[in-house]
Amino acid sequence: MVTLVDLRDEELEALEQFRKGVAEAPLMYRAIPLGFKASTDEQAGGLVTFVASEESEDRMGDVIKVDGWQLKNFKDNPVFLYAHDQTFPPLGRVQKIGVEGKQLGAGVKFDDGDDVAKMIHAKYTNDFMRAVSVGFRALEYEENTKGSRAKGILFTKTELVELSAVPVPAHPKALKKAMGMRS
């Protein structure tokens, strides 16, 4: 059985290989739970809004700097996946993405023509699911010396690759939320 400690060690090794220049920037995942409950915004075309990331410490002692998010490539293919599974068709698309204060917000349009997407959408609507998770490439980072945990990482530049619906987040504030976002 793979433990969180094993996964953390693998992440740290991948980051070290990238730092040494012998590997590409690793793909990493960070989920964040419900900050503020919200309903689907019918006036905004039925988008469900989420806090996708927040500039605060997650359960592993990591922080992703909001002003370091690189969104250009993501906007070309704004997929909303289930549990980071890139082999399964997307549940929908992210129609709005942007920074508001110290948060990265996302407005998701679920695919109403897909039964699985409708089921997951209902899980959010009925509060059985509340969290999302970012899949990103760590481009620049350093030790999080101000964090509360050993081996924490401060990600200063990250490329958003995908956003996923997840049942359990790594960050206690990555959740469904009503919010205004700047693109």
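## Rings, a helix face and a buried glutamate

The charged end of Lys123 sits over the ring of Phe128, with 5.7 Å between that charged end and the ring centre. This is a predicted model, and the tour below starts with its aromatic rings.

### Aromatic pairs

How many aromatic pairs does the count come to? There are eight aromatic pairs. Trp69 and Phe136 make one of them: their ring centres are 5.9 Å apart and their planes stand at 80°, so this pair is edge-to-face. The angle is what decides the label here, because planes over 60 degrees apart count as edge-to-face. Trp69 belongs to strand β4 (residues 69-70) and Phe136 to strand β8 (residues 131-143), so the pair ties together parts of the chain that are 67 residues apart in sequence. Both Trp69 and Phe136 are buried.

Strand β8 also supplies a partner for strand β9 (residues 153-166): Tyr141 in β8 and Phe155 in β9 are 14 residues apart, and their pair links distant parts of the chain. The two rings of Tyr141 and Phe155 are tilted, at 6.5 Å centre to centre and 55° between the planes. Tyr141 is buried, as is Phe155.

### Helix α3

Which residues of helix α3 (residues 115-125) are buried? They are Ala117, Ile120, His121 and Tyr124. Around the helix axis they cover an arc of only 105°, which puts them on the same side of α3. The packing partners of these buried residues are strands β2 (48-54), β5, β7 (103-110), β8 and β9. So β8 and β9, which hold Tyr141 and Phe155, turn up again as packing partners of α3.

Both ends of the helix have a feature to look at. At its start, a side-chain oxygen of Asp114 reaches to within 3.0 Å of the backbone nitrogen of Val116. Just after α3, Asp127 takes a positive phi of about 65°.

| Residue | Phi | Relative accessibility |
|---|---|---|
| Ala83 | near 50° | 37%, partly exposed |
| His84 | near 60° | 16%, buried |

Ala83 is found in the loop between β5 (79-82) and β6 (92-100), and His84 is found in the loop between β5 and β6 too. Why does His84 count as buried? Its relative accessible area is 16%, and buried means under 20%. Ala83, at 37% relative accessibility, counts as partly exposed.

### Glu162 in strand β9

His84 leads on to Glu162, as the two residues touch. Glu162 lies in strand β9. Is this residue buried or exposed? Glu162 is buried, with a relative accessible area of 2%. A polar contact of 2.7 Å joins its side chain to that of Ser164.

Leaving aside residues up to four places away in sequence, Glu162 touches Tyr29, Phe74, Val79, Leu81, His84, Gln86, Ser133, Val134 and Gly135. Among these neighbours, Val79 and Leu81 fall within β5, which spans residues 79-82. Ser133, Val134 and Gly135 fall within β8, whose residues are 131-143.

Terms used:
Residues numbered from 1 in each chain as written. Predicted model: local features only at pLDDT ≥ 70, side-chain atom pairs only at ≥ 80, totals over all residues. Heavy atoms only, no water. Phe/Tyr/Trp six-rings, centres within 6.5 Å; stacked < 30°, edge-to-face > 60°. Helix = DSSP H or I, 4+ residues; strand = E, 2+ residues; numbered from the N terminus. Buried < 20%, exposed > 50% of the residue type's maximum accessible area, 1.4 Å probe, protein only. Lys NZ or Arg CZ within 6 Å of the ring centre and 35° of its normal. Arc of directions from axis to C-beta. Contact = heavy atoms within 4.5 Å. Polar contact = N/O pair within 3.5 Å; in protein donor to acceptor, adjacent residues only side chain to side chain.
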